[in-house]
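We'll go stop by stop, picking residues and seeing what sits around them.

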Amino acid sequence: LLSVRLLDAATGAVLAGATGTAEDRVKLVEVLRQLSESMRAKIGGGAPAREVLDRVTTESLQALKLYSDGHALGRQGNWAAAELLFREGVRHDPNFATAHLFVAWAIRNQRREATAEYLPFARRALELAGNATEEESLFIRASYHSLNKETKEASPRHEARVKRYPH
């Protein structure tokens, strides 16, 4: 249970309040965002300008920012710059499974075909997949097989992820 109160500094009177519940650590950030928006609406503030962060599992805000920026660069086709940011994200959180995976994809997407260069990152992502959300884990497992050129193993995993998480 999370509770937020805005107090009058002079009197200590409660000016506004909000509560929310997060079932687990993964949902905690979403509940905090909702509480923040609720409080902002109650006191008449507008939504802040904010950067868009991907929804992936890491314990480091800095690693998340680096990953999100790298992902944006990758979507633009700038995989060399994205690789640097993914690697830096891994440095900030060595247990960041999805960042490890995207180091592998960034290397592969630069047409650097040497599997010895990118497969260690994919393997490490697979080892860490149990620390990620189910959606991330499905993607990591499918990608691992794709990067290993194991289409028969990759395809059903990709299909399962798309069916379960159609967005």
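How many residues does the largest nonpolar core have, and which have the most contacts inside it? Keep in mind that you're looking at a predicted model.

**Stop 1: the main core**

Select Tyr-67, Phe-86 and Leu-147: these have the most contacts inside the largest nonpolar core, which has 28 residues. Helix H2 (61-75), helix H3 (79-92), H4, H5 and helix H6 (134-147) each supply at least two of the core's residues. The largest share comes from H4, with 9 residues.

Stay on Phe-86 for a moment and show its surroundings. Leaving aside residues up to four places away in sequence, Phe-86 touches Tyr-67, Gly-70, His-71 and Trp-79, plus Ala-99, Phe-102, Val-103 and Ala-106.

**Stop 2: H4 against H5**

Next, select residues 97-109 for helix H4 and 115-128 for helix H5. Their axes come within 8 Å and cross at roughly 160°. That angle is over 145 degrees, so H4 is roughly antiparallel to H5. The crossing is left-handed.

Show side chains to see who makes the contact. From H4, pick Ala-97, His-100, Leu-101, Val-103, Ala-104, Ile-107 and Arg-108. From H5, pick Glu-117, Tyr-118, Phe-121, Ala-122, Arg-124, Ala-125 and Leu-128. Colour the contact of H4 with H5 by class and you get 10 nonpolar residues, 1 polar and 3 charged.

**Stop 3: H5 against H6**

At what angle do H5 and H6 pack? The angle is about 155°, and the axes are 9 Å apart. H5 and H6 are therefore roughly antiparallel to each other. H5 passes H6 in a left-handed crossing.

For the contact itself, select Tyr-118, Leu-119, Ala-122, Arg-123, Ala-125 and Leu-126 in H5. Across from them in H6, select Ile-140, Arg-141, Tyr-144 and Leu-147. The contact of H5 with H6 comes out as 8 nonpolar and 2 charged residues, with no polar ones.

**Stop 4: H4 against H6**

H4 and H6 pack at an angle of about 30°, with their axes 10 Å apart. Angles under 35 degrees count as roughly parallel, and H4 and H6 are therefore roughly parallel to each other. H4 passes H6 in a left-handed crossing.

On the H4 side, select Ala-97, Thr-98, Leu-101, Phe-102, Ala-104, Trp-105 and Arg-108. They meet Glu-136, Phe-139, Ile-140, Ser-143, Ser-146 and Leu-147 in H6. By class, the contact of H4 with H6 has 8 nonpolar, 3 polar and 2 charged residues.

**Stop 5: Glu-134**

For the last stop, select Glu-134, which lies in helix H6. Is Glu-134 buried, partly exposed or exposed? Its relative accessibility is 39%, so Glu-134 counts as partly exposed.

Now show what surrounds it. Not counting residues up to four places away in sequence, Glu-134 touches Arg-164 and Tyr-165.

Notes
Residues are numbered from 1 along each chain as its sequence is written. This is a predicted model: local features need pLDDT of at least 70, side-chain atom pairs count only at pLDDT 80 or more; totals for chains, interfaces and linings use all residues. Side-chain values use heavy atoms; hydrogens and water are left out. Axes are lines fitted to C-alpha atoms, for helices over the stretch in contact, and angles run from 0 to 180 degrees between N-to-C directions. Helices (H or I, at least four residues) and strands (E, at least two) are DSSP runs, numbered from the N terminus. Angles under 35 degrees count as roughly parallel, over 145 as roughly antiparallel, 65 to 115 as roughly perpendicular and the rest as oblique. A crossing is left-handed if the near helix is turned anticlockwise from the far one by less than a right angle, and right-handed if clockwise. Contact means heavy atoms within 4.5 Å. Ala, Val, Leu, Ile, Met, Phe, Trp, Tyr, Cys and Pro count as nonpolar, Asp, Glu, Lys and Arg as charged, and the others, Gly among them, as polar. A nonpolar core is a set of buried Ala, Val, Leu, Ile, Met, Phe, Trp, Tyr and Cys residues joined through side-chain atoms within 4.5 Å. Buried means under 20% relative accessible area, exposed over 50%, partly exposed in between (1.4 Å probe, protein chains only).
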